[in-house]
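Keep the sequence and the model side by side.

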Amino acid sequence: MRPLPQARRTDLPVDPVCGMSVDPARAPARREHGGRVFHFCCAGCAEKFGRDPEGWISGRAREAAAAAAAAAPPGTVFVCPMCPEVRETRPVPCPSCGMALDPEGAAPSGEEGPELRDMRRRFLLSLLFTLPLLVLSMGPMVGIPADRLLPAGAAPLVQMALAAPVVLWCGFPFLERAARSLATRRFNMFTLIGLGTAASFLASAAAVLAPGAFPAASRHHGEVPLWFESAAVIVSLVALGQVLELKARARTGDALRALLDLAPPVAVRLLPGGGEEEVPLASVRRGDRLRVRPGGRIPADGRILEGAGTVDESMVTGEPIPADRGPGDRVTGGTLLAAGSLLLEAERVGADTVLARIVARVAEAQRSRAPVQALADRVAGGFVPAVVVVAVLAFAGWALLGPEPRFAHALLAAVSVLVIACPCALGLATPMSIMVGMGRGASAGILFRDAEALELLCRVDTLVLDKTGTLTRGRPEVAAVVAAGGDGPSSRDAVLAAAASVERWSEHPLAAAVVREAERRGLAIPSSGAFRALPGKGAAASLDGRAVSVGNRRLLADLDLVPGELEGRAREEEALGRTVFFAVLGGRVAGLLSLSDPVKGTTAEAVRLLRAEGVELIMATGDSRAAAEAVARELGIGRVEAEMTPEGKEALVRDLLASGRVVAMAGDGVNDAPALALASVGIAMGRGADVAKESAGVTLVRGDLRGAARARSLSRAVMRNIRQNLALALGYNGLCIPLAAGALYPLLGVLLSPMVAAAAMSLSSLSVVGNALRLRKWGG
């Protein structure tokens, strides 16, 4: 049962975004601005506030948000970023938490968010201070004592001055997250980072300000150890990782923006008096009559009233061959009118169009994908309690059994454990492997969008494959030329040359395939004149005083002709999913041409490689069943789902995920976007639609499906490398933590030398980096 909204308490601060009362001690997020601290009910409100602090403080931003919500199209659903189960038809406050609702499916602006800008500033500032700090602290190890660079005795104070802004300001968000993880007992990498950074900085600051409090056993050449550089390096590395992560997250709206860009911003509407006006797309209403000119995008789903044309419907069907459409046919908003002119009646507008539903599906799929918990976080979940327990036991052991001064020895041992556990190598283990692996993939033509795709790809057991542009070339080519009567080579060449003489003047996408084939065969294409385009039927011209036509069965019907002896061959070609055109010369059917989308030369090998790895292959296409089964037979793919809508592909992926499969989806079209976004890993072809590439986690730059098998191999190599790095990092900690706790003291009477610990920490980090760099030799 949903909890009732709490009445506002007047003694608590108010969230400036949603107006809720917030207990500062329990506030999930807070921001500082203008010397004031603001508390928020959730991270969503804090992010909105960061975009326009003055606007939210003055109330102007809230008024603008309310106005934008009020202007939303009828039927818009409003959702709560904090309570995903809340769905309202009006922009009312959330009945559960009270925060303002947002329109569902609203695409991000694409601008860099305030969180990313803030984190970039913190990272750059941390570099500015960390680099000189490293020179000062590590100089003695390479024969450059600090006294050469600074006056005697000044080095510790300068190190503390350099480390303070890095830890206290640049690292503040990480310390805040560490405190929250401790409060909620949900340990992660930030818990380790916070504990190690705080322990390093505070212990070093104490050594600078009160060196006499440290026992002689802890000193090296009479000096108390300093760990400022460890704290600063960790903060800098983590800040870099956060910048890269935020940049990846900022791109999640690219797919939605690419989809929305398919709709034309304006439409040409016919007025009752017969005139025309250009209106914004949002002003189009059901029943409006709209004019679409050649090369324009259709503004709304509707029915053709007048005219005819060739419509590229690959956005919806994936079919590479454009469809001829005429009066009475229905067309989809966002599709491209390649040739001809149409007058249509709008039947579905706004959120009811097919394109709007695809946008909504992609947005829903992106929200529903569960984030993959980082392997390092899972390790940290068990490692953090162990480190804390060892630190407590070390403190208790030295306090009860250690030499005088017992408290100083106990405190030093506990702090040393936390400092040694400072996750330099552990923090490098995952990002170094990911970074090197992504770079190696990019050089091989495999672009990973984020670490999640790289982690999941090696676990994929099912690959759903689009046909057009993924398995096939995505460009129609002439598959066969048949001449009536004597079907010899010269007769076939004559039919092809005559057809090319007509099609060379046509703008129809299939015409280019006919001309390319004639040129490939080295035929001389004769000159023709009096060209006429016959939308929805074909084209006609005059060749040496004779009428020549190329077109479909509707053209033959208009000319009162029949295929005759070519009927049987035409049906065979159509049964293979091919498109058949007839060539008419001098009033008789002289031959036929069939066009198809051929399989890529590399696809058969890719299918063999993926099968060998135990991946189940499923073809899911919007093409006809005949065309799909012909390709499936050629490649040996057992399961075929044909004539699928974008929603159907998404439903197929959803069902496979629900059955426990780890599913990858490979596609290249707009109609693949919802399934690409929903799949465990989406794989886009490099020459495909922008929205497909933005929805996918992996892009194969060369459009070669063999890249999917290579990407799986790289994913396995990277995950194996990460596990090796974690083993190296944990091995270092497993060895050094007991030594830091004083395990050698009862036997040898010595504590772990800080210089030895620092050297061990450096060697651990170097070993992790060196192991990660081995990925550059990956050969797939």
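Start with Arg-291, which forms a salt bridge with Glu-276; the closest N and O atoms are 3.3 Å apart. The pair links distant parts of the chain, with Arg-291 in strand S8 (residues 289-292) and Glu-276 in strand S7 (residues 276-280), 15 residues apart. A salt bridge here is a side-chain nitrogen of Lys or Arg within 4 Å of a carboxyl oxygen of Asp or Glu. Helices (H or I, at least four residues) and strands (E, at least two) are DSSP runs, numbered from the N terminus.

The model is predicted: local features need pLDDT of at least 70, side-chain atom pairs count only at pLDDT 80 or more, and totals for chains, interfaces and linings use all residues. Residues are numbered from 1 along each chain as its sequence is written, and side-chain values use heavy atoms, with hydrogens and water left out.

How exposed are the two partners? Arg-291 is partly exposed, with a relative accessible area of 25%. Glu-276 is partly exposed as well, with a relative accessible area of 37%. The cut-offs are these: buried means under 20% relative accessible area, exposed means over 50%, and partly exposed lies in between (1.4 Å probe, protein chains only).

Move on to Glu-616. Its salt-bridge partner is Arg-661, and the closest N and O atoms are 2.8 Å apart. Glu-616 lies in strand S21 (residues 616-620), while Arg-661 lies in the loop between helix H23 (646-658) and strand S23 (663-667), so the pair ties together parts that are 45 residues apart in sequence. Glu-616 is partly exposed, with a relative accessible area of 31%. Arg-661 is partly exposed too, at 28% relative accessible area.

Helix H23 also holds Lys-649. Lys-649 forms a salt bridge with Asp-672, with 2.6 Å between the closest N and O atoms. Asp-672 sits in the loop between S23 and helix H24 (673-678), so this pair ties together parts that are 23 residues apart in sequence. Is this pair buried or exposed? Lys-649 is buried, and so is Asp-672. In general, side chains of opposite charge can pair when their charged atoms come close.

Step back to the whole structure. A search finds 30 salt bridges. Salt bridges that share partners join Arg-303, Arg-330, Glu-345 and Glu-347 into one network. The secondary structure of the chain comes to 28 helices and 25 strands. Of the 780 residues, 48% count as buried.

Leu-343 is found in strand S12 (residues 336-348). It counts as buried because its relative accessibility is 2%. Which residues does Leu-343 touch, leaving aside its neighbours within four places in sequence? Leu-343 is in contact (heavy atoms within 4.5 Å) with Leu-270, Arg-289, Leu-290, Arg-291, Arg-303, Ile-304, Leu-305 and Glu-306. Arg-291, from the opening salt bridge, is among these contacts. Leu-343 and Val-268 are 75 residues apart in sequence and 9.9 Å apart in space, C-alpha to C-alpha. Across the chain, 64% of contacts between residues at least 6 apart in sequence join residues at least 24 apart.

Turn to the surface. The chain exposes about 35300 Å², and carbon and sulfur atoms supply 58% of it. Accessible areas come from the Shrake-Rupley method with a 1.4 Å probe; for residues, only the protein chains shown count as cover.

Leu-124, Leu-127 and Leu-131 form a nonpolar surface patch, with about 260 Å² of accessible area together. Patches are made of residues with over 30% relative accessible area and no salt bridge; like charges are joined within 9 Å, and nonpolar side chains (Val, Leu, Ile, Met, Phe, Trp, Tyr) within 5 Å. Leu-124 has its place in helix H4 (residues 114-138). It is partly exposed, with a relative accessible area of 49%.

A patch of positive charge on the surface gathers Arg-720, Arg-723, Arg-774, Arg-776 and Lys-777. Lys and Arg count as positive and Asp and Glu as negative; His and the chain ends are not counted. The place of a charge is taken as NZ of Lys, CZ of Arg, CG of Asp or CD of Glu. Arg-723 is in helix H26 (residues 706-740).

Finish with two loop residues. Phi of Asp-560 is near 60°, a positive value in a residue other than glycine. Asp-560 is in the loop between helix H19 (553-558) and helix H20 (567-575), and it counts as exposed at 71% relative accessibility. Phi of Glu-643 is near 55°, also a positive value in a residue other than glycine. Glu-643 lies in the loop between strand S22 (639-641) and H23, and it counts as exposed at 56% relative accessibility.
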